[in-house]
Amino acid sequence: MRKSKKRLSVALAMLTALTFVLSACGGSNANSNSAAGSSNGSSDKPVNLIWYTIGTPQKDVDKVMAEVSKYTQEKIGVTVTMKMIDWGDYTQKMQVNVASGEPMDIMFTSAGGFDYVTNARKGAFLQLDDLLNQYGQDLKNAIDPAFLEGSKVDGHNYGIPANKELPQQEVWRFNKNLVDKYNLDTTNVRSLESIEPLLKTIKENEPNVTPFAMDKNYVPYVPYDYIIQNLPMAVKLDTTDYKIVDILETPEMQAALTTMHKYYQAGYVAPEAATTGSTSDLMTSGNWFMDRAQTQPLADNLWSASYGYPVVSTPASDAIITNTSVQGSIMAISANSEHPEKAMQFLNLLNTDPVLRNMVDSGIEGTHYKKIDDTHIENLAESKNYDMPSYSLGNNMLLYLNPNDPDDKWDQFKKFNAEGKDSPILSFNFDSTKVATEMAAVQNVKEQFWASLMTGTVDPEEYLPKAIQKFKEAGLDKIIAEAQTQLDAWRASNSK
Amino acid sequence: MASFFKNILKNKVMLLMVLPGAIWFFFFSYLPLVGTIVAFKQYRFNREGFWASIVKSEWVGWQNFKFLFSGTDAWVITRNTLLYNIAFIFIGLVLSVAMAILLSQLVGKTMAKIYQTGMFLPYFLSWVIVGYFAFSFLSMDRGMLNQILGWFGMEKVQWYSDPKYWPYILIFVSLWKSIGYNSVVYLASILGIDKSLYEAAMIDGASKWQQIRSITIPMLSPIIIIMTLLAVGRIFYADFGLFYQVPRDSGTLYSVTNVIDTYVYRGLKTTGEIGMSTAAGLYQSVVGFVLVIVSNYIVRRLDKESALF
């Protein structure tokens, strides 16, 4: 026995050693600490701002930031270090960075990545009301006031939204090759029901094409605004009494789900839509006929250029200004920033100064891009080393135009923004802290039923009552009651 | 005191070998224990950094644990986690010991190595990749299984929306991935068994089966017990990748695929309440700890030599 125990311990030691090797491969820490600026706001020495933003890390970031720093040092006495975190990792890594007190001054936040409202309430961002008045006057004039108003959390600003398209509008997108081939009329469609004859034509004639492309995040459009994205509590857009309802119990959603199930059974929707993460392979191959998407001015050109074949779209909803659309891209100042005033000055400059804004967006003139005329630029080969997402880096309306853009591109955006209608609950942000227990349970019920109901995979006759029942058991009514109390209080204080 | 240093000096080589592991355990297992108090707090950021955040967050008592036990899913996730793990432990044990014995009986060493490596390989694959392997079999319109069913004139099955197949699929996939690794552990100790025992048995005319039953299995029992005790300690932890990636997060399958870990993930991914996820982790560890103590106690009563401690 003694002998076997000894061997055993050897075997165990080897086992443990192997586990170390394996687990060591998993973890890597890409964050290196850089000096958080040595001076404390004295005007002689430049202050270094650390700026975290979303997007695939680019090779030339440091090179461009060196140029940016030269410019900003002269203007406001700051230098800039930019750290990029890739799309899929952003939320998680930022949570860790903020929780561990990593030095940073400016960070990207939005309704979709590193959630703005939640983290503002958790204390991740500095409250900006005073700084904005002191250092942000130009910025206030430059961007649409609806952005600053709509991004208030509990009455305070915690970030500077990027000036870009303001409302969100749903459209039906069509693969124009197929539209032309069958001579279909897309101008008269709008409702979910109205697309049926088109889908039918395609299904009968094109066996290899997915008539109605969608992934598991698809939700039929109904004229409601959700309190929290994709949880079944919503307020009707033309509401007068501001009553929060369970979206699954509304006649509009019930009708839409019945139609979706009909489409699914007719084979208009891919059989595994409810578990499909992305439709990008369909978009690449062109084997789709239509889908639904959110639009912005000149979107058809953008889509056609990126897919390599013509795409046309036609509205499926009104253009509505909602919390989600307003909070699509925000830059916040970190609560632990050592130089909040300088950070605010930098954000002010970034959102008002075309030279700085374009340098951050397109890189160095002559290296990454060249000017064609006063407003248009063309990318050079080197631009592949500095390919930045424009929407996340501040005021879009200062940007140079691409060669194919019409001269009035930003005027079209301004017009689109001016025509958007406010959602009744714009700038009301639900605080779910008191019902956190119920939220966890309700999230689970949502994950269980949502995708299969919304894509039409299951029969709403059978599953809708089940889902409604399970949501109630998980405590949805309690969450709605809490939200209603908060909404009523918000209404009273905002005299809506 | 002097004898203590003497002891260290005497065992310095052994202690040096233990050192990396001990350091690792200190940093990644003992140090984070302090963070357990987050389970009883509503975590909020503080500009002074992580420790200040912990200290200054508000105490909320057992509030963070409530979500695990409220709602109708509490029973489903506990049942799924426990039953699947029990199945993995026992079926896995039988199959990997059997596999190890078979491998040890192979005469051709090259073939034995090839089988061993082949079985070991799935262990290194990520669950995401395994999930896609499974998808290539189970896809509704392009999956291999549905093609085969088609040849026999049978109807296609919507694998990802019918819960009744999934307990079998999950157990199969999990075993396929883990057996190779476990059988190597058993194989290593089979190879360590004194050959003279088998020679003596052969002289006495014992058949292969009798040798396995009376020599191999009894000699293996200490490591079997240790491996099982370790697995029992993790009985409240479910393999997240297996239960999330392999069923492609399909909602209609939740009745048989939702386990504690996936429930916690789905419930907290949007709100990101660190306190609640810490609470879930603490609950799992405490239950695991109790189970290890209890099962070790039972083993001790049966056979003192085999117990872990």
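**Figure 1. Strand 1 and strand 3 of chain A run parallel in this predicted model.** A:Trp51 has A:Ile106 of strand 3 as its bridge partner. Both strands belong to an open sheet of 5 strands in chain A, with the order 2-1-3-15-6. The pairing in this sheet is mixed. Its edge strands are strand 2 (78–85) and strand 6 (160–161), each of which pairs on one side only.

**Figure 2. A:Asn230 has a positive phi.** The value is near 65°, and the residue is not a glycine. Most residues other than glycine have a negative phi. A:Asn230 sits in the loop that runs between strand 9 (224–226) and strand 10 (233–236) of chain A. A:Asn230 counts as partly exposed because it has 15 C-beta neighbours inside 10 Å.

**Figure 3. A:Ser427 also has a positive phi, and its place is in a loop of chain A.** Phi is about 75° here, in a residue that is not a glycine. The loop lies between strand 18 (421–422) and helix 17 (436–454) of chain A. A:Ser427 has 20 C-beta neighbours inside 10 Å and therefore counts as buried, since the cut-off for a buried residue is 20 or more.

**Figure 4. Chain A and chain B touch through residues of both chains.** The contact takes 44 residues from chain A and 43 residues from chain B. On the side of chain A, at least two residues come from each of helix 1 (2–26), helix 3 (90–99), helix 4 (116–122), helix 17 and helix 18 (460–474). Helix 17 of chain A gives the most to this side, with 13 residues. Sorted by class, the side of chain A that touches chain B has 20 nonpolar, 17 polar and 7 charged residues.

**Figure 5. Helix 6 and helix 9 of chain B pack at an angle of about 130°.** Helix 6 spans residues 109–120 and helix 9 spans residues 166–191, and their axes are 7 Å apart. The two helices of chain B are therefore oblique to each other. Helix 6 of chain B makes the contact with B:Gln116, B:Met119 and B:Phe120. From helix 9 of chain B come B:Ile179, B:Gly180, B:Tyr181, B:Ser183 and B:Val184. By class, this contact of helix 6 with helix 9 of chain B has 5 nonpolar and 3 polar residues, and no charged residues.

Methods
Residues are numbered from 1 along each chain as its sequence is written. Chains are lettered from A and ligands numbered from 1 in the order in which they are written. This is a predicted model: local features need pLDDT of at least 70, side-chain atom pairs count only at pLDDT 80 or more; totals for chains, interfaces and linings use all residues. Two strands pair if DSSP finds at least two bridges between them. Helices (H or I, at least four residues) and strands (E, at least two) are DSSP runs, numbered from the N terminus. A residue is buried if 20 or more other C-beta atoms lie within 10 Å of its own, exposed if 12 or fewer, and partly exposed in between; C-beta atoms are placed from the backbone. Two residues are in contact if their C-beta atoms, placed from the backbone, lie within 7 Å. Ala, Val, Leu, Ile, Met, Phe, Trp, Tyr, Cys and Pro count as nonpolar, Asp, Glu, Lys and Arg as charged, and the others, Gly among them, as polar. Axes are lines fitted to C-alpha atoms, for helices over the stretch in contact, and angles run from 0 to 180 degrees between N-to-C directions. Angles under 35 degrees count as roughly parallel, over 145 as roughly antiparallel, 65 to 115 as roughly perpendicular and the rest as oblique.
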